[in-house]
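Please read this briefing beside the sequence and the structure shown below.

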Amino acid sequence: MSDFFSTLLDEFPQVRSGLWVTVQATVLGSLLALLLSFALGLAAGSRLLLVRGASRTLVEFFRGTSLYIQLFWLYYAMPQLTGYELTPILCGVVAFGLNYGAYGSEVVRGAINSVPRAQYEAAVALNMTPFHRMRKVILPQAWVQMIPSFTNLLIQLLKCTPLLWLLSAADLMTVIQTIRDRTGESLTAYLTLLAVYFVLAYALTLLMNLLERTAKRRLGLHTGGKSLLKTRSAEPAPTAGGAR
């Protein structure tokens with residue numbers, strides 16, 4: 001154990017670099033997933049059959065195929081078809097974004113559909129355009145319901161970043177695995193990885209809880225400071241006039 005931690009300290013610059021790669025893949029992948037979630041989720045509610053069909057096809061394809069295979073396809077197969085080779089971290093970001101964006105689109109679609117019909121009718125009665133109805137009335141209520149599910153997807157995405165090791169990316173998993181091979185301390189190495197990923201996941205959970213509390217306050221639902229430490233499931237958002 002002492003050999004592992006002494007080597008860990010000696011290789012701290014590489015460990016820090018690997019941790020930064022993991023954080024980058026998580027943040028960039030989640031941003032791409034969020035963008036695709038809204039694009040595909042809103043497209044699923046379009047009146048145009050072609051738009052709805054394209055959205056459903058993409059969602060089912062990326063939900064129905066393995067993230068493992070998607071990573072390998074982007075890294076090994078796509079260069080043979082297009083002549084362009086992506087870096088390992090970029091492959092990870094694209095694969096994570098596409099895969100979790102497909103799951104997130106269902107979160108967006110379900111949350112928007114859960115907003116009471118009376119809210120749509122009230123916005124129409126106020127002569128609001130479709131864009132303003134969505135931005136000012138529907139999305140603020142739906143967003144509160146999306147956050148708990150998005151939190152789960154974000155944590156899942158973080159836990160998938162060790163797959164970058166398969167592409168020889170210099171992420172945290174790769175660095176710790178190298179130290180483990182040098183010292184032979186498998187138990188200590190993997191316990192260290194468990195601890196680091198737990199800390200990262202819990203930090204993300206706290207940030208998302210803070211985001212959820214802020215979103216609820218904007219709807220007039222005030223929560224206490226202890227709510228940041230609680231694990232909460234999705235709840236119907238409060239609506240104007242107390243309607244559900």
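This is a predicted model: local features need pLDDT of at least 70, side-chain atom pairs count only at pLDDT 80 or more; totals for chains, interfaces and linings use all residues.

Residues are numbered from 1 along each chain as its sequence is written, and side-chain values use heavy atoms, with hydrogens and water left out.

**Nonpolar core**

- The largest nonpolar core holds 51 residues, and the members that touch the most others are Phe96, Tyr100, Ile112, Met146, Phe150 and Ile176; such a core is a set of buried Ala, Val, Leu, Ile, Met, Phe, Trp, Tyr and Cys residues joined through side-chain atoms within 4.5 Å.
- Two or more residues of this core come from each of the helices H1 (2–10), H2 (12–43), H4 (67–82), H5 (88–114), H6 (117–125), H7 (130–160), H8 (172–183) and H9 (186–218), where helices are DSSP runs of H or I with at least four residues, numbered from the N terminus.
- Helix H7 gives the most to this core, with 13 residues.
- Leaving aside residues up to four places away in sequence, Phe96 touches Ala25, Gly29, Ala33, Leu67, Leu71, Gly101, Leu157, Cys160, Thr161 and Leu164, a contact meaning heavy atoms within 4.5 Å.

**The bend in helix H7**

- A straight helix of 31 residues would span 45 Å at 1.5 Å a residue, whereas H7 spans only 37 Å between its end C-alpha atoms; the expected span is 1.5 Å times one less than the number of residues.
- At Leu139, shortly before the proline Pro140, H7 has a kink of about 50°, taken as the angle between axes fitted to the seven residues ending there and the seven starting there.

**Gln141**

- Gln141 lies in helix H7 and counts as buried because its relative accessibility is 6%, the cut-offs being under 20% for buried, over 50% for exposed and partly exposed in between, with a 1.4 Å probe and protein chains only.
- The side chain of Gln141 makes a polar contact of 3.0 Å with that of Gln119, and a polar atom of the Gln141 side chain also lies 2.9 Å from the backbone oxygen of Val137.

**Cysteines**

- A search of the whole structure finds zero disulfides, a disulfide being a pair of cysteine sulfur atoms within 2.5 Å.
- The sulfur of Cys160 is too far for a bond, because the closest cysteine sulfur, in Cys91, is 16 Å away.
- Cys91 is buried at a relative accessible area of 0%, and Cys160 also counts as buried, at 16%.

Technical notes: A polar contact is a pair of N or O atoms within 3.5 Å; within protein, one must be able to donate a hydrogen and the other to accept it, and residues adjacent in sequence count only if both atoms are side-chain atoms.
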